[in-house]
Amino acid sequence: HHTWVDYVGQFVAVFGVSIPDFFFGLVMIFIFSIWAGWLPAISGDKPIGLIMPAITLGVSSAAILARLTRSSMLDVMSRDFIRTARAKGLKEGKVVWRHAFQNALIPVITIVGLQFGSLLTGAIVVEVVFTRQGLGFELVNAVVTRNYPVVQALVMMASLVYVVMNILVDTLYTYADPRVRIQ
């Protein structure tokens, strides 16, 4: 807290939250494909072609998680039970990982579950930008061609995945915080 690493991390996280996925993807194509020539802009079926879409899709989610984890940890580290753990003579690493991080996980788990839905919708944009053949690209083609049964099926499938993820998040609460039990 209040070190140069903290300030750099905050800057990178704000940058990651602020930039839209489609723009970041286009910038990555320009830098790494056109300007540097390191990665292919359109990859086909090669695994190397997944690098830029994965980074593009993950940057905003990772930035949100980093900001939330930082603020949650700072909140937990100022609580009385952390002061008590330190007073009992526990090592700082054990205080941070065993006591603070475990208690800071509840909001992080919530956001991870909610971000899964945004990853599903963000994948549509990223697949179009990088011309990846996936469900998002198929959904866009179905909307353009007015293929309503395919649109309905893909939306229902995405909704089902989102509901299952929310149930999984609720189940993970009981492992992260034993006080939360399903009655």
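Tutor: Start with a term: helices (H or I, at least four residues) and strands (E, at least two) are DSSP runs, numbered from the N terminus. From the N terminus on, the order of elements in the chain is α-α-α-α-α-α-α. This is a predicted model, where local features need pLDDT of at least 70, side-chain atom pairs count only at pLDDT 80 or more, and totals for chains, interfaces and linings use all residues. Residues are numbered from 1 along each chain as its sequence is written, and side-chain values use heavy atoms, with hydrogens and water left out.

Student: How many helices and strands is that?

Tutor: The chain has 7 helices and 0 strands.

Student: What is the average pLDDT of the chain?

Tutor: pLDDT is the predictor's confidence in each residue, from 0 to 100. The chain averages 86, and 96% of the residues score at least 70.

Student: Which elements have the lowest and the highest mean pLDDT?

Tutor: Helix α5 (residues 92-129) has the lowest mean among the elements, 84. Helix α2 (residues 21-35) has the highest, 91.

Student: OK, overall shape. What is the radius of gyration of the chain?

Tutor: The chain has 21 Å, while a compact globule of 183 residues would be near 16 Å. The radius is taken over C-alpha atoms, and the globule rule is 2.2 Å times the number of residues to the power 0.38. Along the principal axes, the C-alpha atoms fill a box of roughly 65 × 50 × 25 Å.

Student: And what share of the residues is buried?

Tutor: Buried residues are 27% of the 183 in the chain. Buried means under 20% relative accessible area, exposed over 50%, and partly exposed in between (1.4 Å probe, protein chains only).

Student: What about the accessible surface of the chain?

Tutor: The total is about 12100 Å², and 70% of that belongs to carbon and sulfur atoms. Such areas come from the Shrake-Rupley method with a 1.4 Å probe; for residues, only the protein chains shown count as cover.

Student: How much of the contact count comes from residues 24 or more positions apart?

Tutor: Contact means heavy atoms within 4.5 Å. Among contacts in the chain with a separation of 6 or more, residues 24 or more positions apart account for 63%.

Student: Now single residues. Why does Val76 count as buried?

Tutor: Val76 counts as buried because its relative accessibility is 3%. Val76 sits in helix α3. Not counting residues up to four places away in sequence, Val76 touches Phe81, Ile82, Ala100, Asn103 and Ala104.

Student: How far is Val76 from Val151 in space?

Tutor: They are 44 Å apart, C-alpha to C-alpha, and 75 residues apart in sequence.

Student: Is Ser61 buried or exposed?

Tutor: Ser61 is buried, because its relative accessibility is 9%. Ser61 is found in helix α3, which covers residues 51-77. Leaving aside neighbours within four places in sequence, Ser61 is in contact with Gln115 and Leu119.

Student: Which residues of α6 are buried?

Tutor: Gly136, Phe137, Leu139 and Ala142 are buried in α6. What covers the buried residues of α6 includes α5 and α7.

Student: What follows α6?

Tutor: Arg146 follows α6, and its phi is positive, near 60°. Arg146 is found in the loop between α6 and α7 (148-176). With 62% relative accessibility, Arg146 counts as exposed.

Student: What about phi of Thr131?

Tutor: Phi of Thr131 is near 45°, a positive value in a residue other than glycine. Thr131 is in the loop between α5 and α6 (135-144). Thr131 counts as partly exposed, at 36% relative accessibility.
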